[in-house]
Amino acid sequence: MDIAAFRALEPLCWRAPSAHNTQPWRLRYEPGAIRVGWDADHALPAADPTGRDLRLSLGAFVETCLIVAADAGLRLEYVADYDDQHRWVGRLRPARHRYPTPFRTSEVWERRTDRGSFADAPEADALAAVDAVARQAGGLVRAVPDAGRVGALLRAADRRLYADPTIVAELRHWLRLDPAHPDYHADGLNDRCLALSRPAAAALRAALAAYPVLRPLGLPRLLAAADDPLARGGTVLVLVAPAGLDRPGQVEFGRVLMRGWLTLHTAGLAAHPLSQLIDVAATRTALGALLDVAPDRLLHVARVGRPTRPAPHSARRSPRRDRLSE
Ligand SMILES: Cc1cc2nc3c(=O)[nH]c(=O)nc-3n(C[C@H](O)[C@H](O)[C@H](O)COP(=O)(O)O)c2cc1C
């Protein structure tokens with residue numbers, strides 16, 4: 001039975017990306033279907049108060065499950081059934097045909113967020129391909145024309161986020177800056193994936209530990225100025241949603257995001273999300289104005305380019321630890 005066979009594939013499905021690498025998804029095996037839900041403990045109430053990135057991550061997970069199942073010859077389909085109260089997004093259930101996708105499990109495995117240097121920006125045909133993926137769902141992908149302006153917006157957004165103690169506390173909770181951290185190999189953002197040298201990771205750890213004292217002395221400005229991702233190359237791309245996208249629609253667009261990232265990956269490109277640009281109202285508005293798009297349609301922002309070397313593989317928890325009671 002395809003549902004039972006799916007269990008063995010779960011670790012591959014866990015390679016889906018999620019904001020802060022919280023891996024918020026949960027699976028529950030029911031007679032004839034697998035329910036896909038989420039765990040409130042792995043949401044990000046401070047950094048993602050609207051749940052936008054939570055729903056994008058859940059959609060990315062659903063798409064990953066479908067790709068992995070199809071590549072293993074399992075015939076599963078997804079039925080959306082979004083429910084905030086019970087915290088589930090839908091069900092995977094047996095289907096007559098395999099899920100049609102051009103992507104393979106090997107690509108799911110190999111894709112990774114890359115915060116390092118990019119040798120080249122994406123070529124026009126790669127941009128057209130990722131835009132076509134979004135357009136099939138009623139969205140589009142736009143390149144931001146003015147990189148200098150985006151750099152200033154990025155610093156403003158970072159300053160604003162680092163000035164918020166609840167956002168910083170939540171980030172600290174998911175940072176794994178020391179290999180001795182008990183969850184270093186399980187989840188969160190580790191020093192290697194953040195492209196931090198050992199001394200830089202130690203300095204960040206010390207700065208965040210002293211945050212209550214240093215915050216009024218200008219630590220947020222210092223932290224915001226400490227990194228300039230745009231100096232590491234690439235083009236900033238924005239995923240633009242159709243107007244009025246609702247919560248179930250955001251999950252669907254998480255699926256679009258995953259297809260978009262895999263499209264980039266198969267073209268030898270990688271993405272480095274810069275969600276802070278749309279997390280902060282002022283920079284979201286400014287970015288919307290740059291693109292001449294209503295700010296509430298901006299769904300995801302990432303720097304995209306051709307990596308100079310492979311980024312490290314990020315950590316994952318064991319699916320067994322996260323299974324809902326059956
Ligand atoms: C919706 C969403 C938003 C994200 N936002 C950011 C971000 O603002 N900055 C960042 O560095 N990474 C961001 N990421 C990347 C995650 O941190 C990354 O997917 C996770 O750590 C797992 O790593 P992997 O993508 O290499 O598998 C985001 C990912 C998703 C799915």
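Me: At what angle do α5 and helix α11 (residues 247-266) pack, and how far apart are their axes?

Reply: In this predicted model, α5 and α11 pack at an angle of about 160 degrees, and their axes are 9 Å apart.

Me: Why is α5 called roughly antiparallel to α11?

Reply: The angle is about 160 degrees. Angles over 145 degrees count as roughly antiparallel, so α5 is roughly antiparallel to α11.

Me: What is the handedness of the crossing in which α5 passes α11?

Reply: The crossing of α5 past α11 is right-handed.

Me: Why is the contact between Glu 123 and Arg 306 called a salt bridge?

Reply: The closest N and O atoms of Glu 123 and Arg 306 are 2.8 Å apart. The limit is 4 Å, so the pair qualifies as a salt bridge.

Me: Is Asp 191 buried or exposed, and how is Arg 198 classed?

Reply: Asp 191 has a relative accessible area of 2%, under the 20% cut-off, so Asp 191 is buried. Arg 198 stands at 54%, over the 50% cut-off, and therefore counts as exposed.

Me: What makes Glu 110 and Arg 112 a salt bridge, and how is Glu 110 classed?

Reply: The side chains of Glu 110 and Arg 112 lie 3.2 Å apart, N to O, which is within the 4 Å limit. Glu 110 has a relative accessible area of 39% and is therefore partly exposed.

Me: How many salt bridges does a search of the whole structure find, and which residues are linked in a network?

Reply: The search finds 20 salt bridges. Arg 28, Glu 30, Arg 35 and Asp 81 are linked in a network of them.

Me: How many aromatic pairs are counted?

Reply: The count comes to four aromatic pairs.

Me: Why is the pair of Trp 25 and Phe 61 called stacked?

Reply: The ring centres of Trp 25 and Phe 61 are 4.6 Å apart and the planes are at 5 degrees. Pairing requires centres within 6.5 Å and stacking requires planes under 30 degrees apart, so the pair is stacked. Trp 25 lies in strand β1 (residues 25-30) and Phe 61 in helix α3 (residues 52-71), so parts 36 residues apart in sequence are tied together.

Me: How do you know that Trp 25 and Phe 61 are buried?

Reply: Trp 25 has a relative accessible area of 0%, and Phe 61 likewise has 0%. Buried means under 20%, so Trp 25 is buried and Phe 61 is buried.

Me: What makes Trp 38 and Tyr 82 a stacked pair?

Reply: Trp 38 and Tyr 82 are 5.9 Å apart centre to centre, with 25 degrees between the planes. An angle under 30 degrees counts as stacked, so this pair is stacked. Trp 38 lies in strand β2 (residues 33-38) and Tyr 82 in strand β3 (residues 76-83), so the pair ties together parts 44 residues apart in sequence. Trp 38 counts as buried, with 9% relative accessibility.

Me: Where does the charged end of Arg 35 sit?

Reply: The charged end of Arg 35 sits over the ring of Trp 88, 4.0 Å from its centre. Arg 7 lies over the face of Tyr 29, 4.1 Å from the ring centre.

Me: Where does Asn 21 lie, and why does Asn 21 count as buried?

Reply: Asn 21 lies in the loop between α2 (10-13) and β1. Its relative accessibility is 5%, under 20%, so Asn 21 is buried. Asn 21 has a positive phi of about 50 degrees although it is not a glycine.

Conventions: Residues are numbered from 1 along each chain as its sequence is written. This is a predicted model: local features need pLDDT of at least 70, side-chain atom pairs count only at pLDDT 80 or more; totals for chains, interfaces and linings use all residues. Side-chain values use heavy atoms; hydrogens and water are left out. Buried means under 20% relative accessible area, exposed over 50%, partly exposed in between (1.4 Å probe, protein chains only). Rings of Phe, Tyr and Trp (its six-membered ring) pair if their centres lie within 6.5 Å; planes under 30 degrees apart count as stacked, over 60 as edge-to-face and the rest as tilted. Helices (H or I, at least four residues) and strands (E, at least two) are DSSP runs, numbered from the N terminus. A charge sits over a ring if NZ of Lys or CZ of Arg is within 6 Å of the ring centre and within 35 degrees of the ring normal. Axes are lines fitted to C-alpha atoms, for helices over the stretch in contact, and angles run from 0 to 180 degrees between N-to-C directions. Angles under 35 degrees count as roughly parallel, over 145 as roughly antiparallel, 65 to 115 as roughly perpendicular and the rest as oblique. A crossing is left-handed if the near helix is turned anticlockwise from the far one by less than a right angle, and right-handed if clockwise.
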